[in-house]
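Dear colleague,

Please look through it first; my notes follow below it.

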Amino acid sequence: MIIVKMNETTVECSIAASELHEIGLTPEAVISGAENTTSFFAQLNKEVGAQLDYDPETEVMMMSKNMMMDGSVRIFAVKMSNDDIQKATDRIRGAAETVLKMLTQERVDEIKSKTGRDKGVALNEVITNVTDTINKIYGHGEQDEIDPENASFSYQPLSEYAGYMMEFDNLEDAARFSKVVQKLPIVDSALYKYKDRFYLMAGLMSSRDSIIYDMRRAGVEYSEMLTVNSPEAMLIQEHGECIIAEDAVVHLADLAK
């Protein structure tokens, strides 16, 4: 495991999947905080606390866990003082107010008044906007203040990888979606069937807002549901029937009329 102090309040920890397997853990268990990871996180908290001079009486330690494309796990540990807590809660309050404005009764009534595919598209659009707003709570703040030039190491930032899952009523809709997004930087994709529904898993490698927007817009338009980095995807992968194991977007796009 590599632990790097990025500034006085933030530490980045990277651990390979092979290292986790050596101590009897899996990346999925670490991400979900499974019971058998208790000792692992206890040791990690101890090491990170020493790096940041953490005072548990007056400060809190927050961790974000991300699984990378190669199966490794990257963890950001952030020490928060009372001032940091105030800033974080102010962001949450602002996001909550924005969500309430998105979900007015008038907007709900407008969705309910629609029929057919238009109803699903309108609902998915609201869900996507709400999800994006909530994600912004974690997208600004402590990690934005990291200055790579003044950190105690040199590195190249990793490209942003996000795992998308789209739900479809039929293969035709999945094929039309794939036709639209096939030119986007999708690095892996697979198609599953679960309880008479089709689920397309697609890994998008990009941090460009325009590309992310195109991916999500296509998902809202052609799929019944779109989620990003959702734990439900593991359920589908575990219990669903794998129809296309690799390059599903490419194969499905070839089927589109």
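Helices (H or I, at least four residues) and strands (E, at least two) are DSSP runs, numbered from the N terminus. This is a predicted model, in which local features need pLDDT of at least 70, side-chain atom pairs count only at pLDDT 80 or more, and totals for chains, interfaces and linings use all residues. Residues are numbered from 1 along each chain as its sequence is written, and side-chain values use heavy atoms, with hydrogens and water left out.

V250 sits in helix α10 (residues 248-255). Buried means under 20% relative accessible area, exposed over 50%, and partly exposed in between (1.4 Å probe, protein chains only). V250 counts as partly exposed because its relative accessibility is 46%. Its C-alpha atom is 9.2 Å from that of A175, although V250 and A175 are 75 residues apart along the chain.

Next, the sheet. Two strands pair if DSSP finds at least two bridges between them. An open sheet is formed by 4 strands in the order β1-β2-β4-β3, with antiparallel pairing. Its edge strands, each pairing on one side only, are β1 (2-5) and β3 (60-67). Between β3 and β4 (residues 73-80) there are 8 bridges in the antiparallel sense; S64 has F76 in β4 as its bridge partner.

Helix α4 (residues 82-102) lies across β3 and β4 and runs at about 115° to β4. For such angles, axes are lines fitted to C-alpha atoms, for helices over the stretch in contact (heavy atoms within 4.5 Å); the angles run from 0 to 180 degrees between N-to-C directions.

Rings of Phe, Tyr and Trp (its six-membered ring) pair if their centres lie within 6.5 Å; planes under 30 degrees apart count as stacked, over 60 as edge-to-face and the rest as tilted. The count is 2 aromatic pairs. F40 and F41 are edge-to-face, at 5.2 Å centre to centre and 75° between the planes. F40 is buried because its relative accessible area is 10%, and F41 is buried at 14%. The pair of F168 and F177 is tilted, with 5.7 Å centre to centre and 55° between the planes; F168 and F177 are buried.

Finally, some backbone angles. Most residues other than glycine have a negative phi. K195, in the loop between β6 (186-194) and β7 (197-205), has a positive phi near 50°. K195 counts as exposed, since its relative accessibility is 65%. D247, in the loop between β9 (241-244) and α10, also has a positive phi near 50°. D247 is partly exposed, with a relative accessible area of 43%.

Regards
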